[in-house]
Amino acid sequence: MKKGFFLPVLFISLFAFTQNTIVLNADKGKDIINKNIYGHFAEHLGHCIYGGFYVGDSNKIIPHKDGVRLDVIEALKKLKVPVLRWPGGCFADTYHWKDGVGVKKERPSMLNVWWGNVKEDNSFGTNEFLNMCELLGAEPYLSGNVGSGTPQELSDWVKYATHPNGSSPMTDWRQKNGRPNSWHVKFWGLGNEAWGCGGNMKVEYYANVYRQYATFMTNWNNSDRIYRIASGASDADYHWTEVLMKELPANMFDALGLHHYSVIDWGKKGSATNFSEEEYFTTMKRALLMEELVIKHSAIMDKYDPQKKKALAVDEWGGWYDVEPGTNGAFLFQQNTMRDAMIAGATLNIFNNHCDRVKMANLAQIINVLQAVILTKDEKLILTPTYHVMEMYNVHQDATMLPVDVISNKYILGKDTLNAISASASKDKNGVTHISLVNIDANKAQTVSININGADYKTVSGRILRSDKIQNYNSFEKPTTIVPASFTDAKLSGNKLEVKLPPFSVVVLELK
Ligand code: AHR
């Protein structure tokens, strides 16, 4: 054999046989995956509320309860939506909740200045939202107006929603408006994007404003303790997190927010459906950045809160593209393809794996806006690929996270690479283990060898979400182009599991 020949051959053959490997540490579960990681977000924006959730109490065509679409409620119940953030977003810091209660025809209208200057008639307000959450079985997360409101206004909202009957003029007003008893409202946001549409504040200033608002948000008379969430950083603004952790008294907050969207370029976001592999790759790169953001923001929080008593609430996340051609540019209506399924699967794996700090996340947004799980058109409703991922993954809600060590092949495009495989696992209250796997590679199937430590499983079954083209989506004409199917490409033999994942697919396995 000629000198110099053997090494390259060895290298090439090693490379060819490089295999995705996962170690499932089935006996190392410690942290609970808070179900609120599977939370959603509904803003008064485009057709999220009006036309999405709410069609008005006099609608004769679409079945509803007090104006809330029953088809939407039925679909969302299957998702097990744990928490719903409302009324914004940027809208929240322009919203005056008192305009949205009482007799509907007497409620004043306003202009929705952030989202198209359309008329907001306030017909869907606090009572409608909180009653709808009860119908849905979801916990409400009210986002308070700190940007243009007053501490008194927010303090009154807490009283109206949570204080016992007969305890103040606010609760008398609630009774007059048809609701004698309080609702269960634990989660309260103090402003939204205070660094931007919520007032363009510097973090040092916001920290003071926060302390002032938080002081007057009391529910001492109520056994439900409120949970206060500070308006958090945008993306990699670590200074924002550092200052809040330093300046907010520990007894005045429970979580810091974080917003991160998977956007290619804010000036050129690209089509939601007609995109190239380069655009897909860049979107996934932005989506996977979530892991670095969570790790780095958490590391800052660790310095001040090593016991992880305070949570990171990623209260806006998802893909953001150009609006669908022919739709209002301010309504942020976009279609939802297999690319979005990849964002959802990979991001939820990140949140699951970091559930010691991430205790809530809210996909933006639930219906007809950005990475929606439901799209509606008049009386029609379709479920998006993102819906199906959220439904497949809901087995992780409140389960014990099982750590996974992942060695992944690379998804290569030009000179750039991303890990092709992402995974997370959990054990539910009945002792059943679930592993969620995503192969983001647009071209190659990936075989994954899973070594199981600390459990002796007898059976494996699973479901897969896949399609022939990454650009495929469910339309009103063809609503079931992409739906989960049963998955048979997982072979269990002793403590080894071998799984073959098609390109751009999401698989959830059940091990018993
Ligand atoms: O989700 C759309 C908008 O994105 C929200 O209103 C705002 O908080 C964010 O910038």
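User: How many bridges join strand E2 to E13, and in which sense do the two strands run?

Analyst: Two strands count as paired if DSSP finds at least two bridges between them, and strands (E, at least two residues) and helices (H or I, at least four) are DSSP runs numbered from the N terminus. In this predicted model, strand E2 (residues 39-41) is joined to E13 by three bridges, and the strands run parallel; the bridge partner of Gly-39 in E13 is Asn-362. Local features here need pLDDT of at least 70 and side-chain atom pairs count only at pLDDT 80 or more, while totals for chains, interfaces and linings use all residues. Residues are numbered from 1 along each chain as its sequence is written, and side-chain values use heavy atoms, with hydrogens and water left out.

User: Which strand pairs with E13 over four bridges, and how does the chain cross between them?

Analyst: Strand E12 (residues 311-319) pairs with E13 in the parallel sense over four bridges, and Val-314 has Ala-361 as its bridge partner in E13. From E12 the chain passes through helix H9 (residues 338-353) to E13 in a right-handed β-α-β crossover, right-handed meaning that, with the strands pointing away from the viewer, the path from the first strand over the helix to the second runs clockwise.

User: Which closed arrangement do these strands belong to?

Analyst: Eight strands form a closed barrel with parallel pairing, in the order E2-E5-E8-E9-E10-E11-E12-E13. The twist from one strand to the next averages 30°, where axes are lines fitted to C-alpha atoms, for helices over the stretch in contact, and angles run from 0 to 180 degrees between N-to-C directions.

User: Why is strand E13 described as largely enclosed?

Analyst: Buried means under 20% relative accessible area, exposed over 50% and partly exposed in between, with a 1.4 Å probe and protein chains only. Six of the seven residues of E13 (residues 358-364) are buried, so the strand is largely enclosed by the rest of the structure.
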